[in-house]
There are 2 protein chains.
Amino acid sequence: MAAPGENLRINGDRLWDSLMEMAKIGPGIAGGNNRQTLTDADAEGRALFQSWCGEAGCSMGLDMLGNMFATREGTDPEALPVYVGSHLDTQPTGGKYDGVLGVLGGLEILRTLNDLGIRTRHPIVVTNWTNEEGTRFAPAMLASGVFAGVHDQAWAEARTDAAGKTFGGELDRIGWRGDEPVGARKMHAFFELHIEQGPILETEGKQIGVVTHGQGLSWTQVTIIGRDAHTGSTPMPMRRNAGLGLARVLEAVEEIALAHGPHAVGAAGHIDVHPNSRNVIPGKVVFTVDFRSPELSVIEAMDAQLKARAQEICDRMGLEVTFERVGGFDPVTFDPGCVSAVRLAAERLGYPHMDIISGAGHDACWINQVAPTAMIMCPCVDGLSHNEAEEISKDWAAAGTDVLLHAVVETAGVVE
Amino acid sequence: MAAPGENLRINGDRLWDSLMEMAKIGPGIAGGNNRQTLTDADAEGRALFQSWCGEAGCSMGLDMLGNMFATREGTDPEALPVYVGSHLDTQPTGGKYDGVLGVLGGLEILRTLNDLGIRTRHPIVVTNWTNEEGTRFAPAMLASGVFAGVHDQAWAEARTDAAGKTFGGELDRIGWRGDEPVGARKMHAFFELHIEQGPILETEGKQIGVVTHGQGLSWTQVTIIGRDAHTGSTPMPMRRNAGLGLARVLEAVEEIALAHGPHAVGAAGHIDVHPNSRNVIPGKVVFTVDFRSPELSVIEAMDAQLKARAQEICDRMGLEVTFERVGGFDPVTFDPGCVSAVRLAAERLGYPHMDIISGAGHDACWINQVAPTAMIMCPCVDGLSHNEAEEISKDWAAAGTDVLLHAVVETAGVVE
């Protein structure tokens, strides 16, 4: 199939205007967005997206979990569609671009193709996946996970939020449940454009991240049991201070991650200290160690070292330690053909680019299990995301969407 | 004044029966007590204590903060009373002995003197101080603090519990406010018998702790500011991990305390991590460092070292750190004469004893500011206290009360 010409570009101003228009729905309290999944604001955002897709001449499909599929027809009735997209839902104190750029960037490439009268052999479908964030209904990437066969649909619908409302009930309430069986669609390929949510591209001065892998992760919940004791009346040698055990294991986590650099990372974000009283030596500490790497063997090695080091530390201090695996997913290797299409698009367009590993989970990580998939990343200011202060530049958004356009058009095939 | 004969002993069975009888009021859920200050259970406990004092021939004084004073008259109308006592209120999940032993041990010495027809020159007064625990109405040792002039009475009465009820209102509600001005009484001496609430006496095989000092303490709240960031998408060298800063400062706290051993101690019991999410590198950690020593200069040195070390650690890691003093009291040196009376009593009675420093605060620490004061400690099993499983043996209770009897009688003067 012919590659698109290097002068083929999306309309960056129109894309930006759409991003700003969508951001008016479910405004946050600090300039960002609170448009959590299956809320009234989510319904309003979906309706706006649907109306834009209609104006672009697309038909809209809707499956039983509310996943939206806006189709621009191709010329070959036998050809499977090329899918693009991401998610319109946000964190409670989220930004304007996380997910939204991937959906509206997808819409923008359809608008551009319409402007230029370009026809493709394969249809192109822009998708909005329901509940990527997972903040209201855990886990994250829920509906794309069902689509890919990772989760059971009934289980997903029974997930509850903090108020006890179910995913299925809220989906019905906002009126966005469709008839399509989840996962029935077959894809020729899937491309997801997303902000990096990390500082690498900006630091390296690159506009495009060619995502070759998704990091795998392992979450180990560590419980250290010492002994509650009065901070005043217990001599130092008689203490069994679980808080000091925590400190030493955190240092070990840092050392283990650094020893597996540069791609491995490790930290504990969740730490609970009991009884958490100023005058009681902690008798119990529970925390979760998060290790990530693009290589499964490295994750397994880090987990094993954590257990050995923590056991040794706690044995020496008269503390008990137990470990529980509370989450994880295997590393993702994206499709070499799709990744190559992204890299070639960036080169053709002359955008500074680099290969990058996604540190966060994305819908694309699940869809990769059922279709050839790749991701494109663009920088975000200071790597900040999941924060109302999340920011990107109009140029970054346009460059990422240009690359998405070229990768998709090349994969979908221009009809001369 | 003549010392009492070495065969003078209290009635250990009667003391134990009274302890068990009092423990029936405000039972806990695990064998201990929940008789928090100014509750209905507290009122019931006070009434039982008052009835026992009446049976022992004592008159009962009551001050405007509910402090109770049961007086056994002396022979010299000019002689100031020797006071003994502690507190009947408990922690929400408290033990049967913390405080109670000091009050009912005081009652037991009056009963013993009655049994034997022993008269003393100075009156002997058994005191129940209101709200020693401070769990319901902070701070601890509230009414003895007002008595000693440390706190203002109106401020004390305005203290509120978690439900917004005031100390003064609850005191009126349970009907235990008296007419006596708080702190008007003058004391010849004050002795407080208390369980150790630490493991030293049991470990050393001593039945009696001769309390020479109360540790001073300093509470420094440390706030470390890093940067919230995704645990996956932030490379290790770009992190500003406040949780790792916490770990390193906790190690420094341990080193500083050990360097000032054997009497200095240090730990952090209170640790809050923000945002405390499994996939967010902590951007902020707030924790309180508790340093204690019987020497003020040592406490000051430890505080200074903490600030220097924490600053150095955080500077190196790109973290900000601030310090706020949130609590403290100066070390207490008990009255040499009273301490000597306790030590001589233990020797006379043949109980294994050792000098000890009180690591916790007690009513005696405040009363020491207005009267010659000393404390007697007895062991508790495994050093456990502020816990329903708090336990002591009948022999330990009796030995401690024997020493209290001898020290008090020698100080009050037996009339031959």
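Tutor: Let's begin with A:Asn368, which is buried at a relative accessible area of 19%; buried means under 20%, exposed over 50% and partly exposed in between, using a 1.4 Å probe and protein chains only. This is a predicted model, where local features need pLDDT of at least 70 and side-chain atom pairs count only at pLDDT 80 or more, while totals for chains, interfaces and linings use all residues. Residues are numbered from 1 along each chain as its sequence is written, chains are lettered from A and ligands numbered from 1 in the order written, and side-chain values use heavy atoms, with hydrogens and water left out.

Student: Which backbone oxygen lies 3.2 Å from a polar atom of the side chain of A:Asn368?
Tutor: A:Asn368 sits in the loop between helix H11 (363–367) and strand S15 (373–378) of chain A; helices (H or I, at least four residues) and strands (E, at least two) are DSSP runs, numbered from the N terminus. Leaving aside neighbours within four places in sequence, A:Asn368 is in contact (heavy atoms within 4.5 Å) with A:Val332, A:Thr333, A:Phe334, A:Asp335 and A:Thr373. The backbone oxygen at 3.2 Å belongs to A:Thr333.

Student: In strand S4 of chain B, which residue is the bridge partner of B:Gly85?
Tutor: S4(B) covers residues 124–128, and five of its five residues are buried. B:Ile124, B:Val126 and B:Asn128 point one way, with B:Val125 and B:Thr127 pointing the other way. Strand S3 (residues 82–86) of chain B pairs with S4(B) in the parallel sense over five bridges, and two strands pair if DSSP finds at least two bridges between them. The partner of B:Gly85 is B:Thr127.

Student: And which residue is the bridge partner of B:Phe69 in S4(B)?
Tutor: Strand S2 (residues 68–72) of chain B runs antiparallel to S4(B), joined by five bridges. In S4(B), B:Phe69 has as its partner B:Thr127.

Student: What is the area buried between chain A and chain B?
Tutor: The size of an interface is often given as the accessible area lost when the parts come together. Here that means the accessible area (1.4 Å probe) that two parts lose on being put together, summed over both. The contact takes 54 residues from chain A and 54 residues from chain B. Carbon and sulfur atoms give 59% of the buried area, which is about 4,500 Å².

Student: Which three residues supply more of the area that chain A buries against chain B than any other three?
Tutor: Together, the three supply 17% of what chain A buries there. They are A:Met236, A:Gly269 and A:Arg278.

Student: Which side chain meets B:Glu251 in a salt bridge?
Tutor: Side chains of opposite charge can pair when their charged atoms come close. A salt bridge is a side-chain nitrogen of Lys or Arg within 4 Å of a carboxyl oxygen of Asp or Glu, and the count between chain A and chain B is two. For B:Glu251, at 2.7 Å from N to O, the partner is A:Arg248.

Student: Is A:Lys24 buried or exposed?
Tutor: The side chain of A:Lys24 forms a salt bridge with A:Glu21 at 3.3 Å, N to O. A:Glu21 is partly exposed at 35% relative accessibility. With its own relative accessibility of 57%, A:Lys24 counts as exposed.

Note on methods
Polar contact = N/O pair within 3.5 Å; in protein donor to acceptor, adjacent residues only side chain to side chain.
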